[in-house]
Number of protein chains: 2
Amino acid sequence: MALAANRIQARLDAEFARIGDQGPVAEAMAFASRGGKRLRGFLVLESARLHGVDPAQAEYAAASVECLHAYSLVHDDLPCMDDDDLRRGLPTVHRKWDEGIAVLVGDALQTLAFELLTRPEMAADPARRVDLLASLAEASGIEGMVLGQAQDIAAETAGRALTLEEITALQANKTGALIRWSAEAGARLAGADPAALTRYSTALGLAFQIADDILDVEGDAEAAGKRLRKDEAAGKATFVSLLGLEGARNRARTLVEDAETALAPYGAQAETLREAARFVISRRH
Amino acid sequence: MALAANRIQARLDAEFARIGDQGPVAEAMAFASRGGKRLRGFLVLESARLHGVDPAQAEYAAASVECLHAYSLVHDDLPCMDDDDLRRGLPTVHRKWDEGIAVLVGDALQTLAFELLTRPEMAADPARRVDLLASLAEASGIEGMVLGQAQDIAAETAGRALTLEEITALQANKTGALIRWSAEAGARLAGADPAALTRYSTALGLAFQIADDILDVEGDAEAAGKRLRKDEAAGKATFVSLLGLEGARNRARTLVEDAETALAPYGAQAETLREAARFVISRRH
């Protein structure tokens, strides 16, 4: 994952060097897209490797999904959304700059995410690029990530806690869709069937969210680099509030086993992705 | 323009019917993308007609640029940006719903704009789709529209009024880039050279902005459907404050002549685009 993170950061550095000194918005875009676990970009690079795609090509898709993820965090952190002051251990964009700049930074990071997928350096065949573009739009818009965010807002004002079924559906959109897209991207770049990676990442995405809910209760804000125990404070249903701490841990473990099993067609080649699944529920932040 | 507006609205209606009842964000997306002059979408459809592209194909690009424009308006109207209560004669999204929803609506309209350009119904050749998508990303992101918005914010806090050269450069990004993309789109869809349409729309875009500045001073808020005299109140430099009312009118007229001249290669076929250029400086809203 550290190797993947380095490659992704180098691609982003090259992009921001190309964009050049365009004032505070460009500067804040580079700031907002730095750091993090790079789980999504790592999934892109690993699934590409499994399908024999050159990492020098796949890094455009990996950088793209990290820009898209960064845009969603910048907008999520706004006072009118989650109102967070801290992200990845640093001030959020609207705290370091201001709200207007944070809106524009998120907007332009989304644009950059789509622009990166148009590059011939990623795939000589334009049909492959269109496939990645269309699937990222579907995963991130009103039928994917934004739908999940909207469902999350609706849940807060619903006046009742969500059921396990509802929260599973919400998370499949809010965080699951982008994780699924990332894992499928390597197969898509190779023009191969992504079905096994879809099964892997559907289980992984849910395990990731359950682990996030556990960390929100058990974790250390300093290690996490962000505010914790928000859901409890807001009286929101989480996997922990619905299943209990032990039940949530068991569910996450089962999901990681499902994720590992889904990778059977790839044999030993997929060991890094299996380790990533185990990491997701053992991580401290 | 009315015919173009009808076709674009029908395409958007079909898209929102497909998306279905996904709660207030989807509802507000449809609301925010309704109405307006549809100048950008009209330019797409007219330039497509000049290049023999079927309007049933070009309508995807026309709807796309109108979604992109609508996203920029929803975010521009936010309290942390221009803080407007009225748009196209109706309450702005954050007034009718709330700020969080307005952020998500803008985000998802941008995504939808890119998604529309991936459709095979627009162009069977995926290379054409990637070309339109890459150029729209360039026109709207940190090297285009968002850069112009960032320059506009920077100008407000600069403590001095912009020069004519600076405001021309700012507007070429803020509103010009998207108008240029729209006029070029038809040529791009046909795989033709957009150079004449680039010259036309560069002049048109600047004339449009000068006319906007004139309307901001002379116009009627009710006809405009939005708050006027904001720039004067904010002490911002405009083409009117720099050139005077008569000077601004003369400059706009010269630009419209330039725009008309640029269309010479298309002969009488381009008469509707010439009329559109004249409309841009004679309109009342």
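I take a polar contact to be a pair of N or O atoms within 3.5 Å, where within protein one must be able to donate a hydrogen and the other to accept it, and where residues adjacent in sequence count only if both atoms are side-chain atoms. With that rule I looked between chain B and chain A and noted eight residue pairs in polar contact, both residues at pLDDT 80 or more.

**Ground rules.** I am working on a predicted model, in which local features need pLDDT of at least 70 and side-chain atom pairs count only at pLDDT 80 or more, while totals for chains, interfaces and linings use all residues. Residues are numbered from 1 along each chain as its sequence is written, chains are lettered from A and ligands numbered from 1 in the order in which they are written, and side-chain values use heavy atoms, with hydrogens and water left out.

**Interface of chains A and B.** I found 38 residues of chain B in contact with 38 residues of chain A, contact meaning heavy atoms within 4.5 Å. The two chains bury about 3,400 Å² between them, 75% of it on carbon and sulfur atoms; buried area here is the accessible area (1.4 Å probe) that two parts lose on being put together, summed over both. For salt bridges I used a side-chain nitrogen of Lys or Arg within 4 Å of a carboxyl oxygen of Asp or Glu, and this rule finds two across the interface. I then looked up A:Glu143 and B:Arg18, whose side chains meet in a salt bridge at 3.2 Å, N to O.

Helices H1 (2–19), H2 (24–32), H4 (55–76), H6 (99–116), H7 (126–140) and H8 (145–156) of chain B each supply at least two residues of the side that touches chain A; helices are DSSP runs (H or I, at least four residues), numbered from the N terminus. The largest share of that side, 10 residues, comes from H6(B).

**B:Arg18 and B:Glu15.** I also recorded a salt bridge between B:Glu15 and B:Arg18 (3.0 Å, N to O). They stand three residues apart in helix H1 of chain B, which means that about one helical turn separates them. B:Glu15 counts as buried at 1% relative accessibility, whereas B:Arg18 is partly exposed at 39%; buried means under 20% relative accessible area, exposed over 50%, and partly exposed in between (1.4 Å probe, protein chains only).

**Other salt bridges.** Over all chains, I noted 46 salt bridges in the whole structure. A:Glu46 pairs with A:Arg49, their closest N and O atoms being 2.8 Å apart, and these residues are three apart in helix H3 (residues 39–50) of chain A, so about one helical turn lies between them. A:Glu46 is buried at 11%, but A:Arg49 is partly exposed at 37%. I also found a network of salt bridges that links A:Arg7, A:Arg11, A:Glu15, A:Arg18, A:Glu59, A:Glu115, A:Arg119 and B:Glu143.

Which side chain of opposite charge is nearest to B:Arg40? I found B:Glu66, 5.4 Å away, and B:Arg40 is buried yet has no salt bridge; Lys and Arg count as positive and Asp and Glu as negative, with His and the chain ends not counted. B:Arg40 belongs to helix H3 (residues 39–50) of chain B, and, neighbours within four places in sequence left aside, its contacts include B:Val65, B:His69 and B:Phe208.
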